Every structure is written in C-alpha cells, then in structure tokens.
Amino acid sequence: MKFSEVFDVIVVGGGHAGTEAALASARSGCKTLLLSHNIETLGQMSCNPSIGGIGKGHLVKEVDALGGAMAHATDIGGIQFRILNSSKGYAVRATRAQADRMLYKQAIRTMLENQPNLWLFQQAVDDLLVEQDKVVGVVTQLGLRFSAKTVVLTAGTFLAGLIHVGQANYQAGRAGDPPSLSLAHRLRELQLPVGRLKTGTPPRIDGRTIDYSVLQEQPGDDPVPVFSFMGNAAQHPKQMPCWITETSERTHEIIRGGLDRSPLFTGVIEGVGPRYCPSIEDKITRFAGKTSHQIFLEPEGLTTHEIYPNGISTSLPFDVQVELVRSIKGLENFRRLKWVGKKTFNAIQHHLI
Amino acid sequence: MFQQKSDTIAAVATAQGRGGVGVVRISGSGIAAVANAVLGKLPVPRHATFGDFLDENGEAIDQGIALYFPGPHSYTGEDVLELQGHGGTAILHLLLQRCLSLNVRLAEPGEFTRRAFLNDKIDLAQAESVADLIEATTTEAARSAMRSLHGEFSAIIHTLVDELITLRMLVEAMLDFPEEDIEVVDTTLRDQLLHNIQIKLQQTLLSAKQGSLLREGAHIALVGRPNVGKSSLLNRLSGEEVALVSDVPGTTRDVIRQAIQIRGVPLHIMDTAGLRSSEDEVENMGMARTHQTLQRADLILLLLDGSAGLSVKDEEILASFPADIPHLLVYNKADLLGEKNLALRSDAISISAKTGTGIEELRERMLKLIGWQNQESGAFIARERHLKALNLAQSHLVNATEVLNHPELFAEELRLTQHELNCITGKFTADNLLGEIFSRFCIGK
C-alpha cells in the first residue's frame, strides 16, 4: 500500500544519528519522515548514560555548532559534568556528562514532536525502493510504501545485529529490541560493501547493593560546565556524583581464566571495535603490566538505583561476569539488574553510497 | 581494497630509434583478448613463447618472443604481456597500432610504473628511482638508483617512522585515555626516543644530500677575464674540445653548459663570456647572462692568469660573487711560471690547463666544495622533493623539542614530522604530486 504523502527525506532509525538527521532535515525546510520500529525508544541512550568524552565530546560540540540536538538535550538531562584533559591545551579538552536516561529521552522527544516539517511514524523498514540504481523510497514490515527523494539510513547497531554473551549469541538490535534482518539482507543484495563493527557493554548493577563507603567519590566540576554553546547551567537538573573503584589482580586472573570462552578471543566475534571503548578483556591483554584498571560507577538517573559500571564492558560468559564483578572493591555483594554482552552489527562503508 | 577494473594500456617500452630488439608492453584487464588476437593463444605464464605476431587478417607483422605475466606477480600488478620483436621503427609502430585496435589505449608517460605504485608493488620512492635508474649518466648514480629501487632508502624512512610511532603512542595514550591513569609520561624514555630519532634523521638528511648530488649534480660557474684560459680548462676537465678556443678575447659568447663527471658525480660546467665591459652588443649580452648564471651556481671557479696575479679587475669580479656561494680562485698558466712559486691563499689553487698540472687536485677541491663526501658505503639516490621533506621533518622535530611541556602540541609536531616522512614513500600524496612525478617518465615505463 502506498502512503499518500511524498516526502523529501526519509530517515530510517531514530537513535542519536537518526534524531539529528531528521531534525536537521526538517529544520532546513525539507518534508521529513522519521521511521522507527518503536517510537517509545526515540532518544534512548543505548549504551552508557553519558554523552561526550575524548573525541566524542568534540563531535557533540560540532553537532551543536551546526544546530543539533544532542548538547541541548544533555544540558536538560545532565546530572554530572566534567572537563577531561583540563590541565592540557584547549584542543584536547573534552566535555563529558552523565545524563539521567529519562530526562534525556524526554528532551529529545520534545524536540522531535515539536519540530515543524517532521513526521514521526512507528514502522520497521524492511526494504528499499530502488529504481534505475536510485533509491526512491522504503517499504516497511506491514508492506507500506513511502516515497522520498532521499533516504537516510541511521540504523545504528540494528543491521543484522548479534549480541554475544560467552559462547551464546542471539539476534537483537539492542537488548530488548529486535534486529533489522530484512533490511540488512537487502543491503547486501544491493552489493554495497558491508563491513562489521562491534561494541560492548557491561552488566548493570543495582545501586542498593554497592558499598559506597570504600569507594572514591567523583563529583562534577565546579563551576559546572555547560555542553551546548547556547545553553546555560540553569537548565541542569540536580547534580549527582559518580563513584570510582578499580579492578584487582584477582579480577584480572578471573578474566584470564575465562578467555577461552570469550567470543572475542575465540574469534567468533568479527568486526572492528570503537577506539575509545576497549573491553576489559582487551585492556588487561593490551596493558598487561597494569595491576588495576579504574572503573567508574555511573548513575543511570535521579530516580533509579541502576548503576552502569564503566570500564568492564565484556562478552565473557555469565558465570565469569559474576565472579569478575564480585572481585571489584565495593561490589562484592552486588546484585545485577541487566546482563548484556558484546554487540556486533553490519555497517556500510559510507563513502561509497 | 576496492579493486577497480582498469583499462588496458600499451606502449613501446624500448628507446626511440632502431635497435636489435623492440618491446611492446601491455598491461590491464584485457590481456587475454589481446594475446588471442595477436598470438592466436594465451601463452603459458612466464614462458618465453616464440611465434608470429598477427595482424587482423592473420598475417604476421613480425616474429618474436611473447612473455605473459598474470597479475599480481608482474611489473604493474595487473596482467602484463610483453611482445619482443625486431626493433625497427615501422615494425614496432605496426605492432603497437595492432594492439591499440583491440580496445587498448596508448599508455601515458610513466603509467606502467604508476600502476605498480598504485597496486602496492613499489612505494613512491622506489617508483622515482626507476626513472632515476633510466636517467643515470654515471655508474655511481645508477648504483645508487638501484639501491633505492631495492628499497634501501624506503627502509630507512620506515625505521624512522616506526620509531616516531612508538614515541607518538607514548604521548597520545596520555591524551586519549586521561582516565586510565597514564597521566605521567615517562619523560626519560620520551627524551631518549626523541633524541634517537633526531640523530637518525640528521644522518638520513646527510646521506640524502649526497644522493641528491648524484642525481641532480652540481652547477659550476667558470668565470674570469678574457683569455685566462677558461675554454682550455673546460676542454681539459671534460676531455673534449667543446668550447671554441681562440686567441681573440671574448670568443666564448654564450654560456656553454658541459656535463662532466668526477667520481660519478655529475657536474654541469657553465663557461661564461670573459668579463669585461665591451662596446660589442653581442658580447654585452653574453656578460649579462654571466651574472645571471652566477646566482644558479653551487660553486664558482674564478680563473686567473697565474703569471699576472690578482688584478684590480679580478678583485672587482670576486667582490661581485654572491656571498653564500663557495668559490675557488684558480691560478692558471702555471706552465708559464717556471721556477716562480705563488703564495696562495687558502681558497686558491695553481694549475695549468695546457699541461694538466694540478687538475687532479682541482677536481678533488671542487668535489669537496660542493659538499661531496667520499662514501665507502653507497649513497641512495635522492631527489629534491625528498630533501625538502626531510628538512621539513627535521624542523618539526626541532619545534617538538621546544614544546615538551605541552603534550598536545608535542604530539602535533610529531604527527607533522611523520606526515613529511610519509610523503617520501608515498603513504601520503598530495593529489597533484603523483601526476607531476609520473609525467616526467618516458612513455613505455
């Protein structure tokens, strides 16, 4: 069934990139359609509840300078702000913020829902409409056909996404969300050069089971940094500190013991990982001389107990993960709220499209 | 990574003119079609195959040997077919036209070597040494080009780059992962690595300067008043009667360039009109050009009549020399001095162009003054652009030492240093550079 409206631009996928693409397109006057398989997940922070850092922070500032949403949403939802490399020159300084997941999401949703020229529609895209080597639209799961002059693919980690935990793996776009399989298949059929990327996450922890008394507090910077060039500190909600702990030799032993069941090290996982996000397996192997690695316990929000332990992203099997976390100072009695693992997904070399 | 199907190119690979053997070289994706049409079959790879080269009617254009190299193990990395026939101009022309009629186009200058570079068979410095090898006029130059082709120059650059990367990793880890507690750079290690790199770079620069001399040679200006024997000396140095020699002052009107070699170093001797003011317009033109020539020289030889000594006019001429160019006072006509010994300054030498006295010593002094160090181990050939890149790399390293306390500026200067080195091997090339380099090759290479 052909949808009646014809659009200038269709954006497939409503994650961070899709949001910026859809807003930018609509802002410049193009009639834009944002298609997501689940509208409730628009503005969701898929991985850790933070924005920015080395390199990433630079990117957010650039997007901000071009009128993008991310920095603004971070000022609305940010609960801890710091400047990294503050003792070094300006070029390498980076802003980094922890954000309350729900406040951030709300900020993005508000922007998306109030943007003129922007249509939001909940439908998973399964196929591309191609006429004479030119893309002219998309087809969704239900068979709806949408026409547009331009289609922007921002599927994030969803294309043929696989989640690996130990030696088990299952198809998923993100924990709790289905992957885009038909679309991935279709893109391969179109003979676009496809590569594979990987990324990892750690288990989430119930904050009530953490012994904060033995940990080091890390408050945000004072004066509090502002992310957007057009923002101000008054937009920030209540601020919270992060907490710092570290791995021990015992932790490293446990990890080394489980490497033979790690899909990364057994070669099951293919793909290139993000530069600034090595897994804990990677870290203890690459920096074998270090007796401990820092872990940052990041609060997921003002109204939840969930804690994201930044620094132990892993694909090791469940039992190893449990032991590993237990061996970390302050987390001996931890209770887990969520398990995740290593994520692999298809990516298209962008310069060839 | 991204294999593009390249069109097929062909050219005569042997020099212009007649020869015993002439070679037409073809490279690209359409070799099979060409072989089938011209040879009637695709020859066994790497087997010298004797047979006829056929035209479109099946008649033999020539008879010779075909060599088929399937890629990637060929000069260009693509499929290559070489047809070795008789080296007659007409016959080669016919053979080439035959190939060009088969959906093959004429190769541009240096295009075969360019493809070799683009297909990672050789790096840029090696590609350049191919041209240098062909153009080498002295044995030493040829040997040095060969060394470069073997990758000796490239290997030195790669070692430098590797050491730079180690240093960069040390510094950049601290910038990229500030929360990993790598706050403090091991300054002793850093300083030591930096120092080692600087020493190595300096050595490479010196070697490259020698290599550059072998390739570019040096320009020597031969200056002096009329009739001091410039033309005689020129003839003596080059071993041929090149310049006009006559008793009438002012006979050498034009700046004659004569290429000679001393110990394999090419030297371009520029003979000049005898310096004196003249009524004669032609003569004046010659002298104006002389002054221009001096600017370009790497060494100026002021030839003097030894029997007359240094005159006022000579002093004037000496004073007009550019201050930054080395010069040598050459007192000629030692044969006329008899028993008299000249008290010589340190920048002077006594010779006789007529008898040959002192000529050997003159050659040695000339080499020394242009900066040639007699090397036991061979120099690799180097070009001006290599020297330029090495000099720039060196200046970035100097900058780096001045910002040791600013890690991000230090990292940037190191990055720029590596960039310059990458330009040499072609790991990084500015868009127009490749065009410039390969356009100077001859067609067929």
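This is a predicted model: local features need pLDDT of at least 70, side-chain atom pairs count only at pLDDT 80 or more; totals for chains, interfaces and linings use all residues.
In E5(A), A:Ala97 is the bridge partner of A:Ile51. E3(A) and strand E5 (residues 94-99) of chain A run antiparallel to each other and are joined over three bridges. They belong to an open sheet of three strands, with the order E3-E5-E4 in chain A and antiparallel pairing. Strand E3 (50-52) and strand E4 (78-84) of chain A are the edge strands; each has a single partner strand, so one side of each is left without a neighbour in the sheet. From one strand to the next, the twist averages 20 degrees.

Parallel pairing also occurs in chain A. Strand E1 (residues 2-12) pairs in the parallel sense with strand E9 (residues 145-153) of chain A over seven bridges, and in this pair A:Lys2 is opposite A:Arg145 in E9(A). E1(A) also pairs in the parallel sense with strand E2 (residues 32-36) of chain A, over four bridges. Here A:Ile10 is opposite A:Leu33 in E2(A). In general, the strands of a sheet pair through backbone hydrogen bonds, in either a parallel or an antiparallel arrangement.

Chain B comes next. It has 14 helices and 12 strands, and 39% of its 445 residues count as buried. Of the contacts in chain B with a separation of 6 or more, 65% are between residues 24 or more positions apart.

The largest nonpolar core has 105 residues, of which B:Val24, B:Ile220, B:Leu222, B:Leu301 and B:Val330 touch the most other members. The most residues in this core, 11, come from helix H6 (residues 152-176) of chain B. A second, separate core has 48 residues, among them A:Val12, A:Met45, A:Met70 and A:Val125. Nonpolar side chains tend to be buried together in soluble globular proteins.

H6(B) can be followed in more detail. Its 25 residues reach 35 Å from the first C-alpha to the last, close to the 36 Å expected at 1.5 Å a residue. The helix bends by about 25 degrees at B:Leu170, and B:Leu170 is one of the buried residues of H6(B). Others include B:Phe153, B:Ile156, B:Ile157, B:Leu160, B:Leu164, B:Leu167 and B:Val171. An α-helix has 3.6 residues a turn, so residues three or four places apart point the same way.

Note on methods
Residues are numbered from 1 along each chain as its sequence is written. Chains are lettered from A and ligands numbered from 1 in the order in which they are written. A nonpolar core is a set of buried Ala, Val, Leu, Ile, Met, Phe, Trp, Tyr and Cys residues joined through C-beta atoms within 7 Å. A residue is buried if 20 or more other C-beta atoms lie within 10 Å of its own, exposed if 12 or fewer, and partly exposed in between; C-beta atoms are placed from the backbone. Helices (H or I, at least four residues) and strands (E, at least two) are DSSP runs, numbered from the N terminus. The expected span of a helix is 1.5 Å times one less than its number of residues. The bend at a residue is the angle between axes fitted to the seven residues ending there and the seven starting there. Two strands pair if DSSP finds at least two bridges between them. Axes are lines fitted to C-alpha atoms, for helices over the stretch in contact, and angles run from 0 to 180 degrees between N-to-C directions. Two residues are in contact if their C-beta atoms, placed from the backbone, lie within 7 Å.
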